[in-house]
Amino acid sequence: MHLGPCQRLLVPVLCVLLCLPAPAAAASAAAVLAAPTPAVAHSAASAAPAGDASSDGPVIGAEVARLYEQAARASATYEQGRREAKEQRAKALRLERLLARERKEIERLRGDVGRVARAQYRAGGGGVAYTAKLLLADDPQELMDGHRLARQAELAVSRMLDRARRAEHRLAEGERLAIATWLDLDARTEQLASVKRAITAKLEDARWKLQGEADRSVAAGRCAGAVRLDERGPRTSRAWVTPVEEYELSAGFGGAGARWRNRHTGQDFAVDIGTPVRAIGKGRVVSVSCGGGFGIEVVIGHPDGYYSQYAHLAGVMVDQGERVRTGQWIGQAGTTGNSSGPHLHFEVRLTPHLGSGVDPAPWMRERGAGF
């Protein structure tokens with residue numbers, strides 16, 4: 001077929017147009033080529049580090065732990081100072097009572113001296129000289145003996161009075177020093193109380209920062225890194241300890257409530273955010289997880305085949321697979337997950353999994369760590 005000049009120009013253009021995909025198909029193809037396969041996307045997510053580099057959780061957790069230690073030291077020093085002040089006050093009161101008795105004794109001695117002086121004055125006989133009395137006396141020897149005895153009595157009373165005055169001076173000085181020390185201790189106690197209040201205020205602020213980081217970790221379903229400290233809690237020679245040192249018990253095992261699907265599966269300990277949580281016994285960390293009803297939780301397997309779980313944490317101090325000793329700090333209490341307020345949810349289990357829990361109270365009592 002013969003084509004004219006214009007037709008010969010249109011043929012290549014039409015061929016190019018016919019080879020191009022439709023706009024919707026082109027966009028779809030571009031999207032498919034740009035998106036990773038599902039396997040690749042899962043791999044990228046799983047390859048992300050456990051501790052988000054942008055998270056301040058471990059840093060704040062370490063700060064909370066340090067503030068807890070500072071608060072504990074400040075409290076101990078405050079209590080020691082308070083006890084010293086109390087002892088010093090008791091000493092000052094004892095000195096005051098002793099001083100009052102001495103003053104009564106001094107008054108008695110002064111009365112005796114006055115009576116002796118009045119007796120001597122009456123014996124003086126209206127100003128007649130002692131020499132004249134001797135000349136006029138019927139029995140001069142008796143008069144001399146009486147005068148000598150009176151003089152000796154006067155000297156004895158004078159010495160007693162001097163001793164009493166010295167004793168009064170010593171007691172007054174002792175009381176002054178005791179009261180001065182007491183006031184100094186009061187000032188120190190107030191200073192320590194001020195330091196304690198400042199640390200407590202910092203701790204309270206840090207606690208809620210820690211909880212905020214924990215909530216973000218739970219929402220993301222990814223735990224921040226473990227808090228690492230030079231000291232991981234005081235060492236103990238006991239085989240078993242309670243999961244927190246100071247606490248108030250709240251919900252117990254088997255209790256019913258609106259927040260639980262069936263029955264309460266553990267024992268709750270009412271404690272502040274950031275309170276150090278410790279391993280009840282030696283063992284190995286089976287899991288560290290974030291998200292779900294328990295929020296941030298740690299599960300430890302013990303040599304006797306039982307497992308312990310610590311939930312609603314605000315931070316962790318251990319990693320999965322790590323060996324722990326009895327009493328070692330493994331986390332910090334919080335209120336993550338299905339929690340109505342700061343507390344530690346603690347379980348003893350037959351397996352690492354929910355639903356195998358036993359009543360932890362008698363279990364712990366059997367091991368000498370009852371609560």
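A charge is said to sit over a ring if NZ of Lys or CZ of Arg is within 6 Å of the ring centre and within 35 degrees of the ring normal. By this rule, the charged end of Arg367 sits over the ring of Trp240, 5.8 Å from its centre, and Arg367 also lies over the face of Trp363, at 3.7 Å from the ring centre. This is a predicted model, in which local features need pLDDT of at least 70 and side-chain atom pairs count only at pLDDT 80 or more, while totals for chains, interfaces and linings use all residues. Residues are numbered from 1 along each chain as its sequence is written, and side-chain values use heavy atoms, with hydrogens and water left out.

Rings of Phe, Tyr and Trp (its six-membered ring) pair if their centres lie within 6.5 Å, and planes under 30 degrees apart count as stacked, over 60 as edge-to-face and the rest as tilted. The structure holds six aromatic pairs, including the two in this table.

| Pair | Type | Centre to centre | Between the planes |
|---|---|---|---|
| Trp240 and Trp363 | edge-to-face | 5.2 Å | 85° |
| Tyr310 and Phe346 | tilted | 5.7 Å | 45° |

Helices (H or I, at least four residues) and strands (E, at least two) are DSSP runs, numbered from the N terminus. Tyr310 lies in strand 6 (residues 307–316) and Phe346 in strand 9 (residues 344–349), so their pair ties together parts that are 36 residues apart in sequence. Both Tyr310 and Phe346 are buried, where buried means under 20% relative accessible area, exposed over 50% and partly exposed in between (1.4 Å probe, protein chains only). Trp240 and Trp363 are buried too. Ring pairs also link Tyr310 and Phe346 with Tyr247, Phe269 and Phe371 into a cluster.
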